[in-house]
Amino acid sequence: MLRLLSGIGLVLGVCAWGCSSREAGTCERDSHCTGAEVCFEKKCISMKDRKAIEDKRAEEAKPKVCEDKDGDGARAGSGCPAGEALDCNDKEKEQAPTRTELCDALDNDCDGMNNEGLKGCVQTLLGGPLKPLQAHSVVFDPAGFVLLSDNHRVWKVRLDGTAEVLAGHELSHAADGHGAEARFSYPRGLARLADGSVLVADCKNNCVRKVSPSGDVSTLAGHCSTATKEVGQFADGGPGAARFYCPSDLAVAPDGAVIVVDQGNARIRRIDPGGQVTTLAGVGPADVQDDAGQDGFLDGPALQARFNDPQAVLVDGKGVIYVSESFNCRIRRLDPSKGDKAEVTTLAGESDTWLGIGGYQDGAGKGAKFNYPHGLAWDADGNLLVADTGNSAVRVVTPAGKVRTLYGKPQEGKPLSVDGPIPQARFDAISDIAPGPNGSLFVVDAGQLRWIVP
Ligand SMILES: [Ca+2]
Ligand SMILES: [Ca+2]
Ligand SMILES: [Ca+2]
Ligand SMILES: [Ca+2]
């Protein structure tokens with residue numbers, strides 16, 4: 001011990017004259033390392049690497065056991081021999097790798113997906129190690145997969161729950177290119193084109209992108225950038241000249257034009273097939289008040305109408321546009337074929353437009369209430385399906401404005417996502433919906449992909 005102490009004293013003493021005793025590439029303390037690196041066992045490494053080493057050692061230090069605590073016949077623990085199918089949750093008798101999947105709240109067969117393949121059931125998809133982080137929007141491709149936007153990527157998810165990144169990277173930026181070379185920044189709404197490409201409302205890049213079926217990303221309209229000077233821009237015009245402010249969703253009209261919810265500008269925009277961008281409705285950001293103090297809600301002539309946090313858009317076969325608005329808790333309607341005479345009307349919903357307080361009420365027109373509605377989709381009968389986020393429900397609206405609840409219901413307290421038989425299943429915060437095969441419906445619920453299979 002004395003020798004050790006005198007050794008430390010010697011090092012400290014030498015250090016006082018400039019640490020000349022330290023071998024090149026080694027460290028004694030964090031200040032010897034650059035940037036965010038720390039000194040760990042004389043080497044400068046990242047905090048993440050240090051945590052990984054410490055976690056691995058802690059795991060190795062644990063006693064090696066292989067037990068069947070819940071008595072279901074399947075064991076679990078780090079002492080189990082390689083190749084043995086391990087109990088994913090050694091607490092539930094109903095959950096073991098040898099079990100068959102049941103329509104309940106548990107992943108009975110331990111494959112990372114719950115209720116996969118079961119009819120009459122709400123399921124949670126995505127097994128395997130590669131998973132979207134915080135999914136936002138969803139579309140179904142009839143070729144048999146789902147496209148999903150998450151933080152900064154577009155994913156391709158197959159119905160067996162396997163997934164791959166079609167384009168984008170964990171890190172946000174603005175760049176066109178192939179696959180992971182391309183960068184998005186909080187991509188939101190998606191719309192599928194007939195050729196299998198998908199359009200992406202690249203919200204925080206303030207532009208509209210296109211992803212080919214093979215993952216080539218190009219820019220359709222706007223100037224993709226997160227630079228401060230680009231934020232809050234608004235301009236109509238041709239390619240290169242037009243500006244958007246956080247587009248949140250888009251839909252393809254029968255004439256091939258793309259209708260965009262320009263959320264930050266509180267306007268509905270149109271990109272014609274030649275790339276010219278015009279404004280169809282709205283006068284500007286909801287938080288800008290006019291002389292009369294008008295704040296974010298006004299029906300009437302399209303270019304005087306006001307929106308407040310418009311979210312999603314759909315276009316029917318005649319070109320009529322439907323928009324969900326979270327802060328106004330309404331579904332609005334616009335028929336641009338009427339040209340200068342086009343008006344924005346309210347199809348359904350009512351709220352306190354100052355406070356953005358909606359509610360929960362089935363009924364017709366203003367007699368119905370929504371609570372922060374987001375994603376929209378068509379059902380097979382031409383009704384609108386609405387992701388009623390705040391009510392933890394999927395609502396359906398007829399073209400005449402009659403609203404009823406299709407799946408889920410508001411929950412008291414903190415909403416929970418619960419898988420199981422459709423009548424008992426619950427949703428938390430549904431951001432988007434997309435019809436799937438055989439009358440099924442995909443929903444993005446609190447960032448997870450869930451599938452309602454009647
Ligand atoms: Ca067990
Ligand atoms: Ca178990
Ligand atoms: Ca399963
Ligand atoms: Ca289950």
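**Figure 1. Largest nonpolar core of the predicted model.** The largest nonpolar core holds 96 residues; a nonpolar core is a set of buried Ala, Val, Leu, Ile, Met, Phe, Trp, Tyr and Cys residues joined through C-beta atoms within 7 Å. A residue is buried if 20 or more other C-beta atoms lie within 10 Å of its own, exposed if 12 or fewer, and partly exposed in between, with C-beta atoms placed from the backbone. Among the residues with the most contacts inside this core are Leu 250, Ile 259, Val 313 and Phe 442. Contact requires C-beta atoms, placed from the backbone, within 7 Å. Leaving aside neighbours within four places in sequence, Ile 259 has contacts that include Leu 250, Ile 268, Arg 270, Val 313 and Ile 321. This is a predicted model, in which local features need pLDDT of at least 70 and side-chain atom pairs count only at pLDDT 80 or more, while totals for chains, interfaces and linings use all residues. Residues are numbered from 1 along each chain as its sequence is written, and chains are lettered from A and ligands numbered from 1 in the order in which they are written.

**Figure 2. Open sheet 27-3-30-29-28.** Five strands pair in the antiparallel sense in this order; strands (E, at least two residues) and helices (H or I, at least four) are DSSP runs numbered from the N terminus, and two strands pair if DSSP finds at least two bridges between them. Strand 27 (420-421) and strand 28 (430-435) are at the edges with a single partner strand each, so one side of each lacks a neighbour in the sheet. Five bridges join strand 29 (residues 441-445) to strand 30 (residues 448-453). Phe 442 stands opposite Trp 451 in strand 30.

Figure 3. Strand 9 pairs with strand 10 (residues 198-202) over four bridges, and Ala 191 stands opposite Leu 199 in strand 10. The loop between strand 8 and strand 9 contains Glu 181, which counts as partly exposed because it has 14 C-beta neighbours inside 10 Å. Glu 181 and Asp 216 are 35 residues apart along the chain, and their C-alpha atoms are separated by 9.2 Å.

**Figure 4. Helix 2 (residues 47-61).** The number of buried residues among the 15 of helix 2 is zero, so the helix lies largely in the open.

**Figure 5. Confidence along the chain.** Mean pLDDT, the predictor's confidence in each residue from 0 to 100, is 91 for the chain, and 93% of residues reach 70 or more. Over residues 1-20 pLDDT stays under 50, and the model has three contacts beyond four places in sequence for them.

Methods:
The expected span of a helix is 1.5 Å times one less than its number of residues. Two residues are in contact if their C-beta atoms, placed from the backbone, lie within 7 Å.
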